[in-house]
Amino acid sequence: MIKKESKTNLEIWSDKLTKIYGKGNEAIEAVSKIDLRVKPGIHGFLGPNGAGKTTTINMLVGAISITEGDAKIREKKAGTVAAKQLIGFLPQDPVFYEDMTGEEYLIYMGQLGGLQKKEARLKAQQLLDFFNLFEARNREIGTYSGGEKQKVGIAGSLIHDPKVLILDEPTANLDPIGRADVVQKIKELSDRVSVFVSSHILSEIEQMCEDVTMIDNGKIVISDSISNIKKSFISNLYILDTNMNEKLVDKLKDKDFISKARIDDLDGKIHIIPKDAEKLRDILPQMLLENKAKLYSFHQPELSLQDIFMEIMTKKRGNKK
Amino acid sequence: MKNNIVNTEGKIKSSFKKLNLKVIQPVKIWLSKNIFKRTAIIIKKTFQDIYSLKKIIITLIVILILPLIYVLLPTTVDFGLISPNHAATIISFALIFPAFFWTLGLVYTIIIGTSGAPLIAEEVKSGTMLLLVSKPISRIKIFIGKYIAVYLYGMLLSFFSIFVIGWVGVFVKSGNIDHFISLIPFLTALYIYSLFILFLFTSITMAFSSIFKKARSASILIIFIAIFSYIAFLLIRSLTGQFYVTFQLYHFDLGYHLGNVFIFFIETLDAVPPSLSWQTAFAMLTGVYTYENLVDPDQNINLGGLEKTNYYFPVFSLIIWILIAALLLVFGILRLNKREISV
């Protein structure tokens, strides 16, 4: 159990938070005994699709019931009106009242949050301005682009001045420009509100967050600040770049001393996690010669969150086997 | 003495002022902030969603079809020669059955059902409910807000429907405004009955909307209940004859209970005098009347109109269905409170 005095400083706290769907033999444990500790700032909530991120968030905002355990938002029991007054929430793939204009939607959300109409209108206009949507305020939300919809959604969750913003995959389904725009706005918001943001796009989380919690199969895998996590993981990643990466990656995958080898989407180079690094270094020159490959670079970089996550997952799943 | 009175008055005034400042004002502010405000926002939004002028106009046209057929039936009465009360009675004879069966019956209940059914089911399915329940408003208030919006819409619809059928009845028969004024007690009885049936069908609709995943399933079930109540039991009653009475099927016959309550309001408000001309239709459709003439047993005089079946005291029918409606309302709230909202 966490000490009372430290609990009071937390934005989100949970103790053995569990969600079980179904009963008896058909019961599925979607979230299993999660202990969340979310401090002020931006906190990333990571995990692959189906890991239990959305289920956890839905319990925190009171959309679904908690099967076992407890969760609190700044000491208010999650799901109560008092706790909901403290949070702003944007679900994954949010659906809006498409026939409302951006301004009407924000005023409606503000009034539901307890604001008077005048106050809600003023706040709506400020938020529309902040999110660069002022020109679009009188357009129906149905005509908004994906990025504009996400931004009006975040504005709607902010309008009643919550203390904690909970965003579930806010950049999913956005194009790169929309994604960068939303990430930038979330970073700007961190001055006035704590943010708990889930994503499976780890590079974005790395840009935004100080702390992260990773979950897989409904269980927390790791939870700490990004810098601590990076320190605790000695880099076991090697990056190889040649003139025939695609050919070499297939050959590397077949080697028994290689844990994982893949071509990275961003840099197009081969990212290798060896089981035996020494052997990799010994074999590589010979392999390049045999394949008549030109070596551009081979180095051991600082680990990215993506790499750490992949390593954790690989180990975890390897252990299971 | 005078000073004492003035002092006492002053003390009372200052105590009242203190009470007002310390208790009444804070309670008023708390009530307006916490109980009504957010519910009122839901009511307004929901009302805007279900209300459209086009829909109201189309509904009024449909609602008018059967009453218009009845008032267009030829009559030998010369409306120029009779008193306004007499004229209103004859017009109410023509309107009473279509008003019960059609205007405030089949069409009205189906419209309420189809308007209310999507309000929760559709919002949950589409995902907008997820945004709503994460806001600092309890689910009870969300449900009550939507419920009140449907009720207000129904009140508005029945008000215009009753006004329109009353006006059309008078217009076709005589066109005399005095006849319309004399028709007001009858129209009032219809309106009070509409508040009852609205309560019942709003509760059914909203409870179904809370239970079902698809709005269409809820709508279809409500349409089925409406048709079953107004038409199917008519067949069951006619085909089964004594079987209906022996096995006390009237307990489950919503059409009978609705007729019983309707006649209760008509009789209590003395809105339409008894007459075979309209009671026969009720005898056939609802089973509230027998086909026997109402006779004073002491003097053996035909009192005009038909004998009632009296399976239930009308007040019992009224209370039972109000209780059922209230239970459905509570059930709907509890169901929404427990419902898992996710997309």
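A residue is taken as buried if 20 or more other C-beta atoms lie within 10 Å of its own, as exposed if 12 or fewer do, and as partly exposed in between, with C-beta atoms placed from the backbone. By this criterion, 41% of the 321 residues of chain A count as buried. The structure is a predicted model, in which local features need pLDDT of at least 70 and side-chain atom pairs count only at pLDDT 80 or more, whereas totals for chains, interfaces and linings use all residues. Residues are numbered from 1 along each chain as its sequence is written, and chains are lettered from A and ligands numbered from 1 in the order in which they are written.

Along the principal axes, the C-alpha atoms of chain A fill a box of roughly 75 × 50 × 40 Å. Chain A holds 12 helices and 15 strands, where helices (H or I, at least four residues) and strands (E, at least two) are DSSP runs numbered from the N terminus. Two residues are in contact if their C-beta atoms, placed from the backbone, lie within 7 Å; among the contacts in chain A with a separation of 6 or more, 67% come from residues 24 or more positions apart. The domain assignment, with bounds from an automatic or database source, divides chain A into domain 1 (4-224) and domain 2 (236-301), and the C-alpha centres of these two domains lie 40 Å apart.

Strands are described as paired if DSSP finds at least two bridges between them. In chain A, an open sheet of four strands has the order β13-β14-β12-β15, with antiparallel pairing. Because β13 (258-263) and β15 (295-299) of chain A stand at the edges, each with a single partner strand, one side of each is left without a neighbour in the sheet. The twist averages 15 degrees from one strand to the next, with axes fitted as lines to C-alpha atoms, for helices over the stretch in contact, and angles running from 0 to 180 degrees between N-to-C directions. β13(A) is joined by five bridges to the antiparallel strand β14 (residues 270-274) of chain A, and I258(A) has P274(A) as its bridge partner in β14(A). Helix α10 (residues 245-254) of chain A packs on the sheet, where it touches β12 (238-242), β13 and β14 of chain A, and its direction makes about 160 degrees with that of β13(A). Helix α11 (residues 277-290) of chain A also packs on the sheet, touching β12, β14 and β15 of chain A, with a direction at about 140 degrees to that of β14(A).

Further antiparallel pairs occur in chain A. Strand β1 (residues 12-21) of chain A pairs with strand β5 (residues 68-73) of chain A over five bridges in the antiparallel sense, and S14(A) has A71(A) as its bridge partner in β5(A). β5(A) also pairs, again in the antiparallel sense, with strand β6 (residues 76-77) of chain A over two bridges, and K77(A) in β6(A) is the bridge partner of K72(A). The hairpin formed by β5(A) and β6(A) has two residues between the strands, and R74(A) in the turn has a positive phi of about 45 degrees. Six bridges join the antiparallel strands β10 (residues 211-216) and β11 (residues 219-225) of chain A, with I215(A) opposite I220(A) in β11(A).

At the interface, 18 residues of chain B are in contact with 21 residues of chain A. On the side of chain B that touches chain A, the elements giving two or more residues are α1 (2-50) and α5 (128-133) of chain B, and α5(B) gives the most, with four residues.
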